[in-house]
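Hello,

Here is the structure I promised to pass on to you. Have a look at it first, and then read on for what turned up in it.

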Amino acid sequence: MKYKDYSIEIWNRINTTLDQVLKEDSAPVAAFDADGTLWDIDLGETFFHYQIDNRLVELPPHAWNHYESMKAENPQKAYLWLAQVCKGQRLEQVHEWARQAVKDQAPLPVFLEQKRLIDLFLSRGVKVFVVTASVKWAVEPGAEMLGLKKDDVIGIETTIENGLITDTQKGLITYRQGKVDALLQRTGGKKPFFASGNTMGDFQLLQSATRLSLAVSAASRDDKLFKTEHELQQHAETNSWLSHRFVG
């Protein structure tokens, strides 16, 4: 699919603000949500489908419905569970599965304007983080395709013991305010000058940005994300944030 480019006005605001920020800080921070913000796909859920289809981990019957029910009742518990199902696996093995799951989606529907933006930030010394409510391991291959490293992804994960994944939560649940808290934990309390997201799950992350917030959207009216994306677009208008629809 051909996605719409950012307007000249958006690029001008970003470039002007970046120039100003770099006069005060040689290593500013920028934060992006992942799914629906960097690419037009949910890599966390894609990875879970891959695990189900290939019977890679032990799962309850009707695993997808089990996850959806849990998410409706308690999103934080459901997002953590998607990491916990990897219990007993070697981290290297899960990394390989995640790479293959992304490869199976080739070509990954990346929003090229977001890649251009990340390229710009990296070239100017900005520290870029991807902050996601998806399992960190599922998102890492996508981030690497955008020139980032595994360590630049802040997401849901569990601890590793003797090289094996456990079901013990590691760090914060990176959902809503948890995204902000986890980011600040990584940056030593330094807020991002720029943040971008697509749904109300990213609202607090965009609020945390000190200079620029960019709300993006690509969901069609019949998509389950349309309502929450539209709500964030409305907040963008109210708060004078940047906003963009990748599709008409």
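Let me start with P107, which sits in the loop between α5 (91-103) and α6. In this predicted model, the peptide bond that joins A106 and P107 is cis, with an omega of about -5 degrees. Most peptide bonds are trans, which is my reason for pointing this one out to you.

Most residues other than glycine have a negative phi. R176 is not a glycine, yet its phi is positive, at about 55 degrees. You will find R176 in the loop between β4 (164-170) and α8 (177-187). With 33% relative accessibility, R176 counts as partly exposed. S240 is the other one: it is not a glycine either, and its phi is positive at about 60 degrees. S240 belongs to the loop between α10 (226-239) and β7 (242-245). Is S240 buried or exposed? At 58% relative accessibility it counts as exposed, since the cut-off for that is over 50%.

Now for the overall picture. The protein has ten helices and seven strands. Its radius of gyration is 18 Å, close to the 18 Å that the globule rule gives for 248 residues, so the protein is as compact as a globular protein of that length. Along the principal axes, the C-alpha atoms fill a box of roughly 50 × 40 × 30 Å. Of the 248 residues, 54% count as buried. If you consider the contacts with a separation of 6 or more, 68% of them come from residues 24 or more positions apart.

Next, two helix pairs. The one to begin with is α1 (residues 8-24) with α6 (residues 112-123): these helices pack at an angle of about 15 degrees, and their axes are 12 Å apart. The crossing of α1 past α6 is right-handed. Which residues of α1 and α6 meet? From α1 come W11, I14, N15 and L18, and from α6 come E113, R116, L117, L120 and F121. Sorted by class, this contact of α1 with α6 holds six nonpolar residues, one polar residue and two charged residues.

Setting aside neighbours within four places in sequence, W11 is in contact with Y6, E113, R116, L117 and L120. W11 and E113 are 102 residues apart along the chain, while their C-alpha atoms are separated by 10.0 Å.

The other pair is α2 (residues 43-53) with α7 (residues 136-145). Their axes come within 8 Å and cross at roughly 115 degrees. Here too the crossing is right-handed, as α2 passes α7. On the α2 side the residues that meet the partner helix are L43, G44 and F47, and on the α7 side they are A138, V139 and G142. By class, the contact of α2 with α7 has four nonpolar residues, two polar ones and no charged ones.

Finally, two residues in strand β2 (residues 127-135), starting with V130. What is the relative accessible area of V130? The value is 0%, and V130 is buried. Not counting residues up to four places away in sequence, V130 touches F32, D33, A34, L38, V139, A143, L148, D152, V153 and I154. One of these, D152, is 22 residues from V130 in sequence, and the C-alpha to C-alpha distance between them is 6.2 Å.

S134 also has its place in β2. S134 is buried, with a relative accessible area of 11%. With residues up to four places away in sequence left out, S134 touches D35, D42, G44, V139, G155 and I156.

Enjoy browsing the model, and do write back with any questions.

Best wishes

Key
Residues numbered from 1 in each chain as written. Predicted model: local features only at pLDDT ≥ 70, side-chain atom pairs only at ≥ 80, totals over all residues. Heavy atoms only, no water. Axes fitted to C-alpha atoms, helices over the stretch in contact; angles between N-to-C directions. Helix = DSSP H or I, 4+ residues; strand = E, 2+ residues; numbered from the N terminus. Left-handed = near helix turned anticlockwise from the far one by under 90°. Contact = heavy atoms within 4.5 Å. Nonpolar A, V, L, I, M, F, W, Y, C, P; charged D, E, K, R; others polar. Rg over C-alpha atoms; globule rule 2.2 N^0.38 Å. Buried < 20%, exposed > 50% of the residue type's maximum accessible area, 1.4 Å probe, protein only.
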